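Look at the sequence and the model, then read the points below.

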Amino acid sequence: MSSNQSAKYKKFIVGAASAALVASAVAPVASAKDFKDTKGNTHETAIDALSDAGVITGYPNGTFLPNKTLTRSDVVKLMGKWLVSEGYKVPTDYKTKMRFSDLTSKSNDELLQYAAVVKDNGVFNGSNGNLLAGDNITRENMAVVIVRAFDTVKDIELVKYVKEQDFKKDVTDLTKAKAEARTAIDVLDYFDITNPAAPAFNPKNTTTRGHFATFLHKSINTDFSEVKAPVVDVDKVAVDAAAEQVKAGAVTVARGNYATDANKLAAVEAYVTSLVTEKDVVAKVAAGKTAGEYVVTLTKGEAKVDKTIAMTFEFAADDRFVTEVNALNATQVEVKFSTAVDAKSVLDADNALKANTISLTSLDGLNAGSLKGELSKDGKTLIITAKNVLSKRYDVVVDGLKSVTGANIDKYEATITIAADKTAPTILGTERVSATQVKVKFSEPMKAFNNVTFKYADGSAVTGISGKIAVGAEEVVFTMTNAVTANKEIIATFIGAQDQAGNLITPNPATVTFTKGVADGVAPTVAAIAQTGAKTFAVKFSEALNGKPTIAIDGTPVATENVVQDTNDAANYIVTVSEVLAGAKTIKVSAFTDLSGEAGTDISKVVAFVKDADAPKVVSRAVVTDSSNLNEYLEITFDKDVKLDNATIDATGGSYVKDYVTTNLANRDITPKAIDYKDTSNKRVIRVPLAVFLGTKDFKGATYTLDLKLTNVTSVSSVPVDVVNATFTRGQDGTPANTKVVGVSQVQQGSDNHKVEVTFDQAIDGASAIDPANYQISSAIVESVKLNPVAADGKQVAVLNLKAGSNNFTGVRNITIENVKALGSTKTMETFQVSDVSLNENIAPTVTSARLTKTNEVTLTFSEAVNASNVSTDFGLLIGGATVATNDKVTTSAGAAVTSVVLTLEANVTNENIASGLSLEALKSLDIVDAAGNKLLVPTNISVTQ
């Protein structure tokens, strides 16, 4: 054996007797295929063995062509077949999922199969995503493919193993190979798969079919047992797998993105925990560097991995609160909600805010005046427009609003500061209203303005255009008469227009262009007038109008607000009158114009109205649970609006079944109770609380069959409803969750500089109130919290104990209080912030030195200026650690804002006294304080030096 061979540990398995042909892939040579052109070839043994194993095949004419150059597709097929012989499966998606960019579903089916096998198992990776099937394969690439294949099949790391071995290399031209291939060639060299007798590997040369067969055959017959499978760190595998499971996402949390950081973190932790299914992997979550970013730390044993994910937060189902209040400009404030608001709960018909819903109260005497509102289409944004200019501080209260589902929206109270409006208004654009009208829109409400000039684009004058900006308007409509030429461009110029804050329009002057349209030649007509209800009828026009028509009944005009355009048909208008419609009425329709500017002809028409004589019919009866109070109600729905005039409901008869026992009810066993609308905006549904209605006959779980009597429940035309029957099962009224929200009445300095007193407006939940984490004071540390008893006025004070020395300045600072609950409540408070509370610093002065400056005098020096103006006996003298009997005679010199004081001893100290050691002790009467009132902090004994 050569010295080179002795440095390598290798074994060759030869002959048919060997069982190490991996997974019986290679059959005995005796059954080899008889190729015409391989007899006596140096690669004959390898070719025959691989052929018998089904890994390689010859050509139909009986040849193998061992000297034919091997292409990349040949290698893919060869290695794919060998992997299949080792038990690897062809992926089922091989024809639909291309592993290489230059393959298609129409490529050779066999190539597609084996391309999927070798790519999925990391044996053949291609070049820049392409297979390049027709290209020849180099010897260096052949080496890489073979080593990868055996790593896959044997579950070993050949390159890593050989790198750690010290052996004499046979290959002499390794440096000519690319870096990736050198390590693979080293593997073939180390295990003598290369030929030591031919030391030049020629890495850039092409590979023949015979060469590849020999390399693969020798590799199959090499004992790789010395290469141990890599030790798998199961803990590392588990945490890596868990990291793959953790994904960015969205979580539902009360108040969504407005939740506290602690609640967000808890929601993310729960979300991450739900994703991780790896056994015993512990996931911990911490807030990242930016908002919405979280760092997930996954651990198992010693293994650890960090993964950063981005999260978004969605509102909880019962979130109904104001999310933001922002000033938009000098007269407008934007209120945003977490859920859609019912417009009827906040706005009147003319868009004025309903009483006791939203208020803007100035703290600086700048009254907002009357308020109007506009609700966005999604119901989540309300724009409030004040009559007067807004500036400085306002208390904002939002209360009594309901969501579109009828649930209460949480009360909101806050103080906002509206900075002076310095933003110039702009023209947003124009909108054609009709052929003779154009609307110009502004970015914000404007001051009244009438200085608009009009010219044609050629510079000639225009007459016949009217329209001016009204005070507080965000748009102006210009109307063009017959004097204006149609289809000729007009330039409108605004010079000096201002917003409500006096900011000039930008650019100034500002211009817009528009044209007068041509009338379409077809005037609108009244197509039909039809009764739609007891007090309503519809006027249908032949086309849409540019405004409400004028309607009169028997010569009496109908108020404009009672003529409403149909939301489903722009050409239809619903007219509501105060009296029930009956008999022949003369309806006059006048002053209507279509969108092209054509005016319709006034029309009077006699319409025969029929009084609604039919009683309202019951559409449904149901027991429903009110979401706000959890009480059960009997709801009755009719086919038309009903009128309630001190209406009542009772039972004239019927029965109930309880515990299988039937009990008959006599008349008046259930006495009359008031009944009301479920919602005044829908007068077809009435209801009564079952607990009230059933009275003494209210039994949980009982099934009732009742003959109901509805008194003073009629149609709009006063036709009484018929007797109503109802069958229902009584459940149980719930107890609404306590959703009181605590507020902060006052924050002030406590009894000393180490305390801050927070007064809450009601009794508070102790567990949440004593958590120091719920209180943040800038430049101070809240160490603990103590609760005082609830006061006679129902308020309760939390005393915050500040860490000594943590508050290093006297003055105002930012204070934030959050996460505290009212006693028994399930809802946490709104985050409270204040920045005008002044606190004293709490760093106590100390003694920096005590020197014997005379035989009867000790000078104390302090860390800061102190007040000693009202002191005399603050210290006692100790000699040799013992108190001098006359130490009460030690006196302190008085002084204000001093950095040192002189203590006068009763008697001169002696050398013996000094040798014994002199020190001072603070007496109970010590009252030296700094400017903030912090008492001098002294040790048990103060050593006196000379």
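How many aromatic pairs does the structure hold? The structure holds 23 aromatic pairs. The model is predicted, so local features need pLDDT of at least 70 and side-chain atom pairs count only at pLDDT 80 or more, while totals for chains, interfaces and linings use all residues. Residues are numbered from 1 along each chain as its sequence is written, and side-chain values use heavy atoms, with hydrogens and water left out.

**Aromatic rings**

- Rings of Phe, Tyr and Trp (its six-membered ring) pair if their centres lie within 6.5 Å; planes under 30 degrees apart count as stacked, over 60 as edge-to-face and the rest as tilted.
- Phe-315 and Phe-321 are an edge-to-face pair, because their ring centres are 5.7 Å apart and their planes meet at 85°.
- Phe-321 is buried, with a relative accessible area of 2%, whereas Phe-315 is partly exposed at 31%. Buried means under 20% relative accessible area, exposed over 50%, and partly exposed in between (1.4 Å probe, protein chains only).
- Tyr-656 and Tyr-704 form a tilted pair, because their centres lie 5.6 Å apart with the planes at 40°.
- This pair links distant parts of the chain, 48 residues apart: Tyr-656 is in strand E29 (residues 642-658) and Tyr-704 in strand E34 (residues 703-715). Helices (H or I, at least four residues) and strands (E, at least two) are DSSP runs, numbered from the N terminus.
- Tyr-656 and Tyr-704 are both buried.
- One aromatic cluster is formed by Trp-82, Phe-150, Tyr-161, Phe-167, Tyr-190, Phe-191 and Phe-224.

**Charges over rings**

- A charge sits over a ring if NZ of Lys or CZ of Arg is within 6 Å of the ring centre and within 35 degrees of the ring normal.
- Arg-139 lies over the face of Phe-201, at 4.6 Å from the ring centre, and Arg-687 lies over the face of Tyr-633, at 3.7 Å.

- Helix H3 (residues 72-85) has 14 residues and reaches 20 Å between its first and last C-alpha, close to the 20 Å expected. The expected span is 1.5 Å times one less than the number of residues.
- Eleven of the 14 residues of H3 are buried, so the helix is largely enclosed by the rest of the structure.
- Helices H4 (109-120), H5 (139-154) and H8 (209-220) are among what covers the buried residues of H3; contact means heavy atoms within 4.5 Å.
- Thr-71 is in the loop between H2 and H3, and counts as buried at 14% relative accessibility.

**Helix H8**

- Ten of the twelve residues of H8 are buried, including Phe-212 and His-217.
- H2, H3, H5 and H7 are among what covers the buried residues of H8.

**Nonpolar cores**

- A nonpolar core is a set of buried Ala, Val, Leu, Ile, Met, Phe, Trp, Tyr and Cys residues joined through side-chain atoms within 4.5 Å.
- The largest core has 62 residues, and those with the most contacts inside it are Met-79, Trp-82, Phe-124, Leu-158, Phe-191 and Phe-212.
- The largest share of this core, nine residues, comes from H5.
- Apart from this core lies another, of 28 residues, among them Leu-644, Ala-651, Leu-690 and Val-713.
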